[in-house]
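Q: I'm new to this one. Can you walk me through it, starting with the terms?

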Amino acid sequence: MLFRSSLQPGRHYTLVVDRDWHDGWGQPLDKDYRREFQTVAADTTPISLATWTLTVPKAGTTDPVAVAFGEPLDRALMLRALAVRPVGMPVLPGDARAGEADRSWTFEPEMRWKPGRYELIASSVLEDLAGNQIGRPFEVDTFRRVESTDPTITSRAFEIR
């Protein structure tokens, strides 16, 4: 059976909550709440590290690695699901920050960058605002067998010179 949403892409809607609606304490609201919005097509594109733009610093500096995603990601997950490490080594200590509108991320190491190969690592728990994860859309066919729900690590290599 195919699920069809009542909300259609490209249409305008108004959500209305009447003031007679009761809050969590059983009290009516102070006034009506109205929110107008326009729908867009569903985002079913999984996150892919290959589409991200990396800006890599020079060796000998503590300049940040900057990553632009091309779309907003969940800020709380972003700050705990992304890290940088030398290939085959532990994660580097440093300061990670979400960028403007959660469309980017920067990592500034505690120590100066040494020349070599590094990797940006991302846990599969990372999500965009539609709930899509790395390599997996939010909308999943529940009749297909799901192999694992344990988080996995994906990486993208880069070089510091």
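This is a predicted model: local features need pLDDT of at least 70, side-chain atom pairs count only at pLDDT 80 or more; totals for chains, interfaces and linings use all residues.

Q: How many helices and strands are in the protein chain?
A: The protein chain has 1 helix and 9 strands. Read from the N terminus, the order is β-β-β-β-α-β-β-β-β-β.

Q: Which strands make up the open sheet of 4 strands?
A: The order is S3-S4-S7-S6, and the pairing is antiparallel. Strand S3 (53–55) and strand S6 (94–98) are at the edges, each with a single partner strand, so one side of each has no neighbour in the sheet. On average, neighbouring strands here are turned by 15 degrees against each other, direction ignored. For such angles, axes are lines fitted to C-alpha atoms, for helices over the stretch in contact, and angles run from 0 to 180 degrees between N-to-C directions.

Q: Over how many bridges do S3 and S4 pair?
A: S3 and strand S4 (residues 65–68) pair over 3 bridges, in the antiparallel sense. Leu54 stands opposite Val67 in S4.

Q: New topic. What is the radius of gyration of the protein chain?
A: It is 21 Å, whereas a compact globule of 161 residues would have one near 15 Å. The radius is taken over C-alpha atoms, and the globule rule is 2.2 Å times the number of residues to the power 0.38. Along its principal axes, the C-alpha trace spans about 65 × 40 × 30 Å.

Q: What share of the residues counts as buried?
A: Of the 161 residues, 25% do. Buried means under 20% relative accessible area, exposed over 50%, and partly exposed in between (1.4 Å probe, protein chains only).

Q: And what share of the contacts comes from residues 24 or more positions apart?
A: They account for 66% of the contacts with a separation of 6 or more. Contact means heavy atoms within 4.5 Å.

Q: How many salt bridges does the structure hold?
A: It holds 4. A salt bridge is a side-chain nitrogen of Lys or Arg within 4 Å of a carboxyl oxygen of Asp or Glu.

Q: Which residue does Asp102 meet in a salt bridge?
A: Asp102 meets Arg75, at 2.8 Å, N to O. Asp102 sits in the loop between S6 and strand S7 (104–109) and Arg75 in helix H1 (residues 75–81), so the pair ties together parts 27 residues apart in sequence. Asp102 counts as buried, at 17% relative accessibility. Arg75 is partly exposed, at 40%.

Q: What about Arg85, which residue does that one meet?
A: Arg85 meets Glu119, at 2.7 Å, N to O. Arg85 is in strand S5 (residues 82–86) and Glu119 in strand S8 (residues 116–123), so this pair ties together parts 34 residues apart in sequence. Glu119 is buried at 10%, while Arg85 is partly exposed at 23%.

Q: Which residue pairs with Glu159 in a salt bridge?
A: That is Arg161, at 3.8 Å, N to O. Arg161 is exposed at 71%, and Glu159 is partly exposed at 37%.

How values were computed. Residues are numbered from 1 along each chain as its sequence is written. Side-chain values use heavy atoms; hydrogens and water are left out. Two strands pair if DSSP finds at least two bridges between them. Helices (H or I, at least four residues) and strands (E, at least two) are DSSP runs, numbered from the N terminus.
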